[in-house]
Amino acid sequence: MYKVLVLPGDGVGPEIMSEARKVLTKVAQMAHLVFETKEAFVGGASIDQIGAPISDEVLREAKASDAVLLGAVGGPKWDQLDYSLRPEQALLRLRKELELYANLRPATVDPSLVDASTLKREVVEGVDLLVVRELTGGIYFGKPKGIEKGNDGAERGVNTEVYSTGEIERIARKAFEFARKRKRKVTSVDKANILESSVLWRKVVTQVSKRFPDVSLTHLYVDNCAMQLIRDPKQFDVIVTTNLFGDILSDEAAMLTGSIGMLPSASLGDRYALYEPVHGSAPDIAGKNQANPIATILSVAMMLQYTFQLHDLALAVEGAVRQVLKEGYRTLDLVSSGGNSVSCSQMGDVIVERIKH
Ligand code: NAD
């Protein structure tokens with residue numbers, strides 16, 4: 001029996017999570033497993049209930065579960081709140097308290113969706129890369145931070161990029177380990193021509209690489225990497241980078257695949273794991289049954305693979321997604337590549353039907 005904490009969140013979160021739950025139920029039936037699920041509020045939904053983006057009880061529940069499955073948080077309703085009370089703080093707290101330091105964001109271009117990308121077919125066909133983003137350090141957490149007023153009355157906004165050797169070592173190790181299961185190629189992305197924190201990043205990643213002589217290592221400056229991702233994304237296998245650079249580059253990589261609605265992610269630590277789509281709460285389409293549930297369904301596949309080591313079931317879910325795309329089923333975000341437009345719940349149903357052991 002596996003324990004999964006389900007946090008649908010805000011906006012399209014509850015819609016996409018319903019489809020992900022259907023998938024979980026189907027694989028459990030097929031493999032005669034029990035996924036004991038508990039559902040709780042997070043983000044804006046939690047603010048509306050208890051006045052805080054996440055409760056201590058939900059954090060305790062997360063630690064008592066084998067994995068956390070999250071939809072998305074945030075939305076205009078809560079945008080006026082003080083920064084410390086915003087829905088997004090729930091994510092930062094979960095990441096920090098569960099020590100989820102490695103964020104894995106695979107970007108794979110499905111053969112049926114090559115024409116959904118805004119880039120040329122020959123550029124994106126065959127793209128299969130993995131962004132490994134450091135998630136609990138860097139400028140999102142570094143101190144000092146805040147907005148302060150000087151004696152002259154002018155305000156100063158301050159954030160600090162900080163990385164320690166240990167933080168860099170553990171994320172680099174994860175990147176090399178994943179590269180070993182792929183094409184054995186790591187690209188480390190930094191800004192070592194300007195930032196001291198990046199000089200240390202580059203030094204430590206190079207040291208770690210010595211323990212992985214079978215994996216090649218290249219260093220790229222982040223501005224060059226942003227350009228190379230558009231120019232020739234097929235050159236990449238595993239990209240390892242800092243929290244801020246990874247946030248930006250992984251959204252860029254998302255667009256290679258045609259829609260951000262396609263991209264799953266896993267956030268892993270040494271003890272806990274959280275799975276969620278890369279996209280946000282998409283308030284513009286929330287409540288319309290239009291969202292693409294595939295990113296969340298593929299996040300379930302990542303959970304089956306990384307937390308539960310149920311590799312066959314993970315492959316079965318991924319295979320079902322590939323199959324429905326091949327058959328031409330498309331949510332609204334994907335219709336530019338042709339095919340039949342279906343709703344969020346129809347997409348979930350048809351994927352569930354195609355899951356075969
Ligand atoms: P977003 O990812 O929510 O939406 C960007 C665009 O992509 C929108 O046009 C949206 O309709 C579309 N989109 C996103 N997911 C889709 C899906 N599954 N199917 C079809 N189309 C989809 O990003 P945003 O608009 O910058 O942010 C909206 C809110 O989400 C903000 O409050 C933001 O803070 C929050 N956010 C949360 C997370 C998270 O929970 N992990 C991540 C990013 C943004």
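On helix H3, the face turned away from the buried side carries Glu57 and Arg60, both exposed. Exposed means over 50% relative accessible area, buried under 20%, and partly exposed in between (1.4 Å probe, protein chains only). Helices (H or I, at least four residues) and strands (E, at least two) are DSSP runs, numbered from the N terminus.

The model is predicted: local features need pLDDT of at least 70, side-chain atom pairs count only at pLDDT 80 or more, and totals for chains, interfaces and linings use all residues. Residues are numbered from 1 along each chain as its sequence is written, and side-chain values use heavy atoms, with hydrogens and water left out.

H3 spans residues 56-63, and its buried residues are Val58, Leu59, Glu61 and Ala62. They sit on the same side of H3 because they cover an arc of only 160° around the axis, taken from the directions from the helix axis to the C-beta atoms. Their cover includes strands S1 (2-9), S2 (35-39) and S3 (67-72), plus helix H4 (88-97). Contact here means heavy atoms within 4.5 Å.

Now the ligand. Around the ligand are 19 residues; Glu88, Gly280, Ala282, Asp284 and Asn292 come nearest. A residue counts as near if one of its heavy atoms lies within 4 Å. The shell divides into eight nonpolar, seven polar and four charged residues.

| Residue | Ligand atom | Distance |
|---|---|---|
| Glu88 | oxygen | 2.4 Å |
| Glu276 | nitrogen | 3.4 Å |
| His279 | nitrogen | 3.1 Å |

The protein covers 68% of the 800 Å² of accessible area that the ligand has on its own (Shrake-Rupley method, 1.4 Å probe).

Technical notes. A polar contact is a pair of N or O atoms within 3.5 Å; within protein, one must be able to donate a hydrogen and the other to accept it, and residues adjacent in sequence count only if both atoms are side-chain atoms. Ala, Val, Leu, Ile, Met, Phe, Trp, Tyr, Cys and Pro count as nonpolar, Asp, Glu, Lys and Arg as charged, and the others, Gly among them, as polar.
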